[in-house]
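Please work through each task before reading its solution.

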Amino acid sequence: MRGFSTAAARAQGSLDGSFLAKLGAVCFAVGAGMELFMIKTGFYDKVVQLEADRIREYRRALAAGEITDEPIDIRKLLDEKFKR
């Protein structure tokens, strides 16, 4: 855009490639930092353990007959709840 400063061009919605490259690099660095933090604090180990516990409880309840493996008709449940 001839005659406009970079700030004015950005204000009109035009972004140059160098700005987008810097933005991409910053976003990548922030995301990588978050992943590193989650790995170092044991977040993923905890998530795996919780998911294993949930699956174990589901299988126990299924074997005990407390739940069934049949699909749920959500429309029927909503009709009963809201008395449609």
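**Exercise 1.** Determine which residues form a nonpolar patch on the surface.

*Solution.* In this predicted model, local features need pLDDT of at least 70 and side-chain atom pairs count only at pLDDT 80 or more, whereas totals for chains, interfaces and linings use all residues. Residues are numbered from 1 along each chain as its sequence is written, and side-chain values use heavy atoms, with hydrogens and water left out.

Step 1. The patch consists of Ile72, Ile74, Leu77, Leu78 and Phe82, which together have about 500 Å² of accessible area (Shrake-Rupley method, 1.4 Å probe; for residues, only the protein chains shown count as cover).

Step 2. Ile72 lies in the loop between helix 3 (43-64) and helix 4 (74-82); helices (H or I, at least four residues) are DSSP runs, numbered from the N terminus.

Step 3. With a relative accessible area of 66%, Ile72 is exposed (over 50%; buried is under 20%, partly exposed in between; 1.4 Å probe, protein chains only).

**Exercise 2.** Classify the aromatic pair in the structure.

*Solution.* Step 1. Rings of Phe, Tyr and Trp (its six-membered ring) pair if their centres lie within 6.5 Å; planes under 30 degrees apart are stacked, over 60 edge-to-face, and the rest tilted.

Step 1. The ring centres of Phe43 and Tyr44 are 5.4 Å apart and their planes stand at 75 degrees, so the pair is edge-to-face.

Step 2. Phe43 is partly exposed at 40% relative accessibility, and Tyr44 is partly exposed at 34%.

Note on methods
Patch = residues over 30% accessible without salt bridge, like charges linked within 9 Å, V, L, I, M, F, W, Y side chains within 5 Å. Salt bridge = Lys/Arg side-chain N within 4 Å of Asp/Glu carboxyl O. Helix = DSSP H or I, 4+ residues; strand = E, 2+ residues; numbered from the N terminus.
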